[in-house]
Structure formats: structure tokens, C-alpha cells
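Reader: I have a model open and would like to learn how to read it. Could you walk me through it, please?

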Amino acid sequence: MKRALMVSLVLALSASAGFALTGGTAPLGFGAKYAAMGGAGSAIVDDITAAYYNPAGIVGGSHTELKLGAQAATDGLDKLISAIAGVSDPAKYMSDNYANNIDVNGGLNAIVGLQLADIGLSVMPVSTFSLTKPANSLAGTMAGAANYDIALTLGTSYVIPGLPIARLDLGANLKSANMTNVANIISGLSGSGTVTTRNGIGFDLGAKAQLENLPIPLSVAIVLKDKRFSLPAS
């Protein structure tokens, strides 16, 4: 029974080789190498950043690892600095820039993770900010979001005789997900805003394997992600 289950899983992996996807926002702080590879990173990840890309990657990494990573990205940095300087008086900021089109976006992603053997514990905060105002208008929008996941990652590995794979790694995440969204609509000298907070739990399942006896090494992976939020708290 166990062998039949493993064979079915390997076949599913082979059929899904083109669909190794990651979800969520751009993984800026979760390892430059894997971020550059997009979804393909889930097939080769081998460190604590597996908590984001593919929990099965926890098996192939160092047995003891502490990782701190963070990266920011901005579009229109000079305007973002000005926006922060005038954020206490949004209406004045809008009037000072009445004739200008303002479109500023920024984000910060990070990971703090600890791995011991095939068990990992990580915190992954993600924040975004945007400010938009058309030219010759006093109406605009400001929005921000702060999310963080706390993930417990578990992994194990199998070697299956008779199948063309070097090793099959399986992994799972148990996550606590927390989110706060802030939105403000500014029109003239007045404005209105909302703050929404939500929390919930998430489960990630992942598998990856490397096929043997091929002219070019081929790694395949599949990742299933699920995140369930409660109703907004406010």
C-alpha cells in the first residue's frame, strides 16, 4: 500500500513538473537565487526559505541554520520620501503637488528562520505601501498592508528502489497568518479611511524529486498552499 502511494505521488509530480508555483507577493527577502527563478525555485530550494517556496526543501538543507533576510523595493523613491514627510497632513501634501501625477509604491519582505534537522520555525513579515493621485486633482488614495506568517515546517525523505528518482522529499507547513490593511481615500481637504485586520491558519504541502538517468538533471516539484482567514475583526 505504501509503495503504491509513493508510485502515485511520483507520477503526479512528473505530470506537474511545469506547475511548480509559489503564491503570495514577490519574495524579495526570501533568497535572491530562488526569487530570480520564479516558480522554478520551489524545485531546488534547500534551506530555511523552503517555508515560503516549498516546505519539502527543508530536507535538503543544512541540519542547523539561522537565517535573517530582508529586502525593500520602491518605485518613485523620492516621492515616497516626500509622502512620508507629509503623511501627517495628507490634504496639504495633495495641494502642494496638485499639478503632479503621483504614483508611489513600496514594499518590504523579510524572513527570520531557524532550522534544526528537518524541522524549521520561521517568521515572514511582508508590508506594502502605495500612494496614488492623478495630476490636476486633489483626490487620491493611500493604502498599506502589513502581513506576517509564522510557519512550523516539517520534512522527511524517501528513497524508493526501482523508481527513476534519486530521492523524494516531502514537507508540510503549519502557519499562523495575520494581516492588517489600511486604506484612505482623500478628496480635497477631507478624507475617509478603513483599517481591516484578519487572522487565520494555513497549511502548505510540498514535494520535490530529482529524476535520474537523464542527459540533463531534472528536478520536479509540486506545492499546494492554503490560507484561511477569519472574518475581519474591524
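**Reading the model**

Author: The accessible surface of the protein comes to about 12300 Å², of which 65% belongs to carbon and sulfur atoms (Shrake-Rupley method, 1.4 Å probe; for residues, only the protein chains shown count as cover). This is a predicted model, where local features need pLDDT of at least 70, side-chain atom pairs count only at pLDDT 80 or more, and totals for chains, interfaces and linings use all residues. Residues are numbered from 1 along each chain as its sequence is written, and side-chain values use heavy atoms, leaving out hydrogens and water.

Reader: What does the secondary structure come to?

Author: Helices (H or I, at least four residues) and strands (E, at least two) are DSSP runs, numbered from the N terminus. Here there are five helices and seven strands, in the order α-α-α-β-α-α-β-β-β-β-β-β.

Reader: How many bridges join E2 to E3?

Author: Two strands pair if DSSP finds at least two bridges between them. Strand E2 (residues 102–116) and strand E3 (residues 119–133) run antiparallel, joined by 13 bridges. Glutamine 115 stands opposite glycine 120 in E3. Two residues separate E2 and E3 in their hairpin, and alanine 117 in the turn has a positive phi of about 55 degrees.

Reader: Is lysine 208 buried or exposed?

Author: Buried means under 20% relative accessible area, exposed over 50%, partly exposed in between (1.4 Å probe, protein chains only). Lysine 208, found in strand E6 (residues 190–211), counts as buried because its relative accessibility is 10%. Not counting residues up to four places away in sequence, lysine 208 touches residues including Asn54, Arg167 and Asp169 (contact: heavy atoms within 4.5 Å).
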